[in-house]
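Q: I have a model open in my viewer and would like to learn how to read it. Can you take me through it step by step?

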Amino acid sequence: MSIALPRRRVIPGFGLTMGFTLLYLSLVFLIPVGAFLLYTATMSWETFWNAVTQRQVVASYKLSFGGSLIAATINLVFGALVAWVLVRYRFPGKRLVVALVDLPFALPTAVAGIALVTLYASSGWVGQYLDLFGIRVAYTQLGVIVALTYIGLPFVVRTVQPVLEDLEAEWEEASASLGADRLTTVRRVILPALMPALLTGYALAFARALGEYGSVVFISGNLPFRTEITPLLIVAKAEQYDYHGAAAIGTVMLLAAFLMLLVINGLQWWTSRRYGQ
């Protein structure tokens, strides 16, 4: 009767890797966020409610959440288009386009904000021509959306691109051979396969835009009730030593972002079950 010896693995097994995973997540995410929420919990409900419902704070919510949704929606459409071009076509300067897509990852956000102001101010290279048509970008809500769109584009492109690379062109050819037009092929063949990736990219772009500070603070002008974003208000509260107010507003942003990601993950699960991805 032979005795089965335990298998020796060169790579550490589940127990060790799971332990390091939990330790890393605790140090980087769980402990800081938990401490932050515990600090907010020390506030009375009245203090918390008054801090998060001030007129100036509510106005910043509308701009931050509304601008983030608009920017993420724009990136959802054009990010998918950019990913399609990069995967499906060969053209001169393709590597340059790839580098430009990744630029928001590498460029400091403050530098991006200064660059956007240089372009879109009334005396800027682009802004001076937009002014001729009565379009102002810098120091307006439109400028906030432009900045949020800029920093969110790579998240959609880099999420959709690997899925497109795995999506064989034969599917499109088979659809065309069966008599489907281009719109039908996109709607019935391509979009169902891309939907989970599109939703993931949308959620990442939205969450990134919601917490953006550096690139927006320069181009927005920071006008209360008009172009003041919530992250800027949190920083202002902290600089005024109003830590309870900053923590209360930050908690609202944290819970809203978590709820948004939960909804997106639910949609991903639903689309995966419906389309069998």
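Q: Where do I start, and what do I need to know about the numbering and the model?
A: This is a predicted model, in which local features need pLDDT of at least 70 and side-chain atom pairs count only at pLDDT 80 or more, while totals for chains, interfaces and linings use all residues. Residues are numbered from 1 along each chain as its sequence is written, and side-chain values use heavy atoms, with hydrogens and water left out.

Q: What is the mean pLDDT of the chain?
A: pLDDT is the predictor's confidence in each residue, from 0 to 100. Here the chain has a mean of 85, and 93% of its residues reach 70 or more. Confidence is highest in helix 3 (residues 55-88), at a mean of 93, and lowest in helix 8 (residues 169-177), at 71.

Q: How many helices and strands does the chain have?
A: Elements are DSSP runs numbered from the N terminus: helices are H or I with at least four residues, strands are E with at least two. This chain has 12 helices and zero strands. Its C-alpha trace spans about 75 × 65 × 35 Å along the principal axes.

Q: At what angle do helix 4 and helix 7 pack?
A: Two packed helices are described by the angle between their axes and the distance between the axes. Axes are lines fitted to C-alpha atoms, for helices over the stretch in contact, and angles run from 0 to 180 degrees between N-to-C directions. Helix 4 (residues 94-106) and helix 7 (residues 141-166) pack at about 120°, with their axes 7 Å apart. That makes helix 4 oblique to helix 7 (under 35 degrees is roughly parallel, over 145 roughly antiparallel, 65 to 115 roughly perpendicular, and the rest oblique).

Q: And how do helix 7 and helix 9 cross?
A: Their axes come within 8 Å and cross at roughly 155°. Helix 7 and helix 9 are therefore roughly antiparallel to each other.

Q: Which classes of residue line the largest pocket?
A: Ala, Val, Leu, Ile, Met, Phe, Trp, Tyr, Cys and Pro count as nonpolar, Asp, Glu, Lys and Arg as charged, and the others, Gly among them, as polar. The lining has 14 nonpolar, one polar and four charged residues.

Q: What about the second largest pocket?
A: Its volume is about 170 Å³. Helix 12 (243-275) gives the largest share of this lining, six residues. The lining has 10 nonpolar, two polar and no charged residues.

Q: How many cavities of 30 Å³ or more does the structure hold?
A: One. Residues lining the largest cavity include Ser 64, Leu 148 and Glu 212, and the lining divides into five nonpolar, two polar and one charged.

Definitions and conventions: 1 Å grid on protein atoms, 1.4 Å probe; cavity = no way out; pocket = protein on both sides within 12 Å on 5 of 7 lines; lining within 4 Å. Points joined across faces, edges and corners; volume = space filled by probe spheres on them.
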